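Biologist: Hi! Could we go through this model together?

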Amino acid sequence: MNLPEIHEFLGCRTPDAWVQAALADQETLLIDHKNNEFKAAASAMALIAKYGTQLDLINFMSRLAREELVHHEQVLRIMKKRKIDLRPLSAARYASGLRKVVRNHEPAKLVDTLVVGAFIEARSCERFEALVPHLDEELGKFYGGLLKSEARHFQGYLKLAYQYGDVADVERVIGLVREAERELIESPDIEFRFHSGVPAV
């Protein structure tokens, strides 16, 4: 599946060294992926709670939260089938690194949070795309299916950012987050995670 819109939006492609690390440690990949699906649902629910008067946002986030929880359960099923035990994993620095760009006053905070959400979904989509050709049939088919939903989530987050923000400001924020995101993806990371950077040797 070609994803030109996603590739254009992101500041870089996933480094090949990350793909190799993911293939070498699929257990950690799946556990962290499961955690990320749960966090995505929780983030959507938190936005509903915080911005309870924004009808379009509530509708989108409610559907997104349900979908992410279904993905969470699907990953759990794959892990159970493969006899992968649950274990605690520290979070990647990725999401917290992106949130540093977010302004703390409204309505800018909402707009920035939505832009960050768009980048997280876009990167997830791009990483699934990078992994699919190298995975076994079951996991490749599952991740291939997730590509479409992550691309849809990316578009939804971005649409809401433009809806609640000024176009010029949204474009400026996209530029800032794109640079922060690229730095996180291309810089060395000690621990492998779904959104980690280049594995530090």
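Modeller: Happy to! This is a predicted model, where local features need pLDDT of at least 70, side-chain atom pairs count only at pLDDT 80 or more, and totals for chains, interfaces and linings use all residues. Residues are numbered from 1 along each chain as its sequence is written, and side-chain values use heavy atoms, with hydrogens and water left out.

Biologist: What volume does the largest pocket have?

Modeller: About 750 Å³. A pocket here is an open set of points on a 1 Å grid over the protein atoms alone, where a 1.4 Å probe fits, with protein on both sides within 12 Å along at least five of seven lines; lining residues have an atom within 4 Å of a point. The volume is the space filled by probe spheres set on the points, which are joined across faces, edges and corners.

Biologist: Which helix gives the most to the lining?

Modeller: Helix 3, with 10 residues. Helices are DSSP runs of H or I, at least four residues, and strands are E runs of at least two, numbered from the N terminus. The lining has 31 residues, and Lys39, Ser43, Ala95, Arg99 and Ile120 lie nearest the pocket's centre.

Biologist: New topic: why does Asp189 count as buried?

Modeller: Because its relative accessibility is 11%, and buried means under 20% relative accessible area, exposed over 50%, partly exposed in between (1.4 Å probe, protein chains only). Asp189 sits in strand 1, residues 188-189.

Biologist: And Val132, where is that?

Modeller: In the loop between helix 6 and helix 7. Val132 is partly exposed, at 24%, and its C-alpha is 6.2 Å from that of Gly144, 12 residues apart in sequence.
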